[in-house]
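The sequence and the structure are shown first.

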Amino acid sequence: MPPMLWLLLNFAAPALGFYFSISCPSGKQCPQALLSGNDILLYCNSSGAHWYYLFTRGKKGRLASLTNISNMEIMPEGSLLIKDPSPSQTGLYHCWNKHGRQVVQYEIDFQDVSTLHVTHKDLGQRPLQNETLHLGSKELIFTRWEPWQDCNRCKEPGERKRLGYCYIQEPLEEAMPCWLYLGEVLVWSSRLRPELQVEACHVQCTNNTQLRVDYVIFDNFRLDEETEFVWLDCPLGSMYRSVNWHANDTPLTWESQLSGRDFTTFLDPSTGGRQLRVFQPAIYKCFVQQELVAQFNPAASPETLEAQWRENDAQWREARNALPGRADSVLKGLKLVLLVGTVLALLGALLKFIRPSPGKRSKQVLLVK
């Protein structure tokens, strides 16, 4: 894919608000569960803001200034962009204005997306059940579900997804995201993981398109010679947005993948389908929030190029061989046209000679012998 196009998209995204963002009321402290590996924007409306962090998983640290963390960037308006966050970056994030006052505080649990539990309601697959954790009292482990995202197609059958985050609740206490609750405590349980659930949907089309962007065409993708597949990355796609892929105008569905019927492509659950692994050449299109954002055209294989060259060469030879015959036909046609023109001119002259003009007497004399 052309690197310049990716560069332009990366520069445009922050300005146009294409990153998924969360917000917290000014002066408040907001706990929030999110998924690792998926970019997020922590909103802080304070130009020239300073951010401080305290990671709470593992060894206890202290509040530090956010300056040299490679995957974090403070935006001009004050918000904090975190690219590809890791579970180890779970912790507290403080936004301070340029006058040294705290504007907002986030408590973020970046739950490990590699442990995501994926189910499809229409296949009868069940989400995780509640369990009890014994750390001193009977703590309840459960999934707190987010609202369903938009259907990824309109007017035609589509699918929609929702995210579920791991929460722990003590009796008579507020529930907390699992790893914010556990902090430094080392616990292993197969129940301590986030979820992704998918179901079928069918909605009418509306004009409420939120992206409003021109789509991009990426030419000449190739399958890797060793692995025999390639990853395609849908621009603007996100775990937190509806994404849909088509292969040669045929929609690719979670239902086909999770039922084991389709092995020609693989929608990556850890990105919510933003990344697609393909095993054969085709024209792939990706849609975000029902809007076409990118098309991926395969590079022609050497065999295809050779066949095309042979076909073109055969057509050229056929045209060259047919040229003399066609030239003769054209020449004969021109001779016939000239002959007919000459005959018509002679006939016109003869008629003018033997028929006088009206109102005049002929001065011609017909001699009869």
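## Two residues with positive phi

Asp 84 lies in the loop between β7 (80–82) and β8 (91–96). In this predicted model, Asp 84 has a positive phi of about 50 degrees, although the residue is not a glycine. Most residues other than glycine have a negative phi. The relative accessible area of Asp 84 is 52%, and the residue therefore counts as exposed, given that the class begins over 50%.

A positive phi, of about 70 degrees, is also found at Leu 236, which is not a glycine. Leu 236 is placed in the loop between β17 (230–233) and β18 (243–247). With a relative accessibility of 16%, Leu 236 counts as buried, because that class covers values under 20%.

## The disulfides and their pattern

Six disulfides are present in the structure. When the bonded cysteines are counted along the chain, the disulfides follow the pattern 1-2, 3-4, 5-9, 6-10, 7-8, 11-12. Three of these links are described here, one of them being the pair of Cys 24 and Cys 30, whose sulfur atoms are 1.8 Å apart. The torsion about the S-S bond of Cys 24 and Cys 30 is about 75 degrees, and the disulfide is therefore right-handed. Cys 24 and Cys 30 are both buried.

## Links between separate elements

Cys 154 is joined to Cys 205 by a disulfide with an S to S distance of 2.1 Å, and this link is right-handed, with 90 degrees about the S-S bond. Because Cys 154 lies in the loop between β12 (138–145) and β13 (158–169), while Cys 205 lies in the loop between β15 (195–201) and β16 (216–221), the pair ties together parts that are 51 residues apart in sequence. Cys 205 has a relative accessibility of 44% and so counts as partly exposed.

A further disulfide connects Cys 166 with Cys 178, at an S to S distance of 1.8 Å. The torsion about the S-S bond of Cys 166 and Cys 178 is about -75 degrees, so this disulfide is left-handed. The pair links distant parts of the chain, with Cys 166 in strand β13 and Cys 178 in helix α2 (residues 178–182), 12 residues apart. Both cysteines of this pair, Cys 166 and Cys 178, are buried.

Strands of a sheet pair through backbone hydrogen bonds, either parallel or antiparallel. In this model, three strands form an open sheet in the order β17-β21-β20, and the pairing is antiparallel. The edges are held by β17 and β20 (265–267), each of which has a single partner strand, so that one side of each is left without a neighbour in the sheet. From one strand to the next, the twist averages 25 degrees.

How many bridges join β17 to strand β21? Four bridges join β17 to strand β21 (residues 275–278), and these strands run antiparallel. Val 230 has Val 278 as its bridge partner in β21.

Note on methods:
Residues numbered from 1 in each chain as written. Predicted model: local features only at pLDDT ≥ 70, side-chain atom pairs only at ≥ 80, totals over all residues. Heavy atoms only, no water. Disulfide = S-S within 2.5 Å. Buried < 20%, exposed > 50% of the residue type's maximum accessible area, 1.4 Å probe, protein only. Pairing = 2+ DSSP bridges. Axes fitted to C-alpha atoms, helices over the stretch in contact; angles between N-to-C directions.
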